[in-house]
Amino acid sequence: MARTLARRSTCLSRPQFGVFYRHAVPMGTTAKEEMNKFWAKNNKLNRPMSPHISIYQWSVPMMMSITHRGTGVGLSGGISAFALLALVLPGNYPYYLDLIHSLSIGPALLGLAKFGIAFPLSYHTLNGIRHLFWDSGKGFTLPEVYRSGYVVIVLSILTSIAAIAYM
């Protein structure tokens with residue numbers, strides 16, 4: 001015989017589990033009905049879906065955040081693809097380096113390709129350092145956020161150009 005202890009809507013009806021159970025009251029509506037009521041109300045009041053990209057004014061910190069995420073995904077995908085190709089393709093590194101040299105790519109296109117590799121790496125690294133300063137609680141005022149953003153952009157371009165000139 002199961003012993004029932006009732007105390008403030010809590011009962012011990014299954015002593016073999018040793019757990020208190022609350023009496024659940026069935027809901028009057030389903031989640032789908034609630035969702036339909038929500039959307040019907042928003043449509044009746046002519047409310048836009050929010051947040052939506054069209055309601056925001058673009059700013060430097062917003063673009064830098066998007067670019068930081070994009071460079072992170074691009075670098076991760078590029079490194080993963082390079083590693084996978086290095087494992088799967090026949091030949092070794094000097095073979096593919098000679099293949100690239102034999103393509104006779106002009107200096108402008110080669111410089112653009114080098115910039116395409118150097119800029120995301122330098123930008124993501126420098127912006128990551130900026131985030132480390134934020135993690136320490138420094139640089140959160142709006143002027144400091146913009147100033148550090150512009151510094152990251154300029155340094156990223158300069159370090160990318162320096163890396164191209166060095167290579």
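## Exercises on a predicted chain

In this predicted model, the protein chain has an accessible surface of about 13800 Å², and carbon and sulfur atoms hold 69% of that area.

**Exercise 1.** State how many helices and strands the protein chain has, and give their order.

*Solution.* Begin with the count: there are 5 helices and 3 strands. Then read from the N terminus: the order is β-β-β-α-α-α-α-α.

**Exercise 2.** Find what share of the residues in the protein chain is buried.

*Solution.* A residue is buried when its relative accessible area is under 20%. Of the 167 residues in the protein chain, 12% are buried.

**Exercise 3.** Compare the reach of helix H5 with its expected span.

*Solution.* Helix H5 covers residues 142–166, which is 25 residues. The expected span takes 1.5 Å times one less than the number of residues. For H5 this expected value is 36 Å, and the reach from the first C-alpha to the last is 36 Å, close to expectation.

**Exercise 4.** Name the buried residues of H5 and the helices they pack against.

*Solution.* The buried residues in H5 are Val145, Gly149, Val152, Ser156 and Ser160. Their packing partners are helix H2 (60–88) and helix H4 (107–135).

Methods. Residues numbered from 1 in each chain as written. Predicted model: local features only at pLDDT ≥ 70, side-chain atom pairs only at ≥ 80, totals over all residues. Heavy atoms only, no water. Helix = DSSP H or I, 4+ residues; strand = E, 2+ residues; numbered from the N terminus. Buried < 20%, exposed > 50% of the residue type's maximum accessible area, 1.4 Å probe, protein only. Contact = heavy atoms within 4.5 Å. Areas by Shrake-Rupley, 256 points an atom, 1.4 Å probe, with all protein chains shown as cover.
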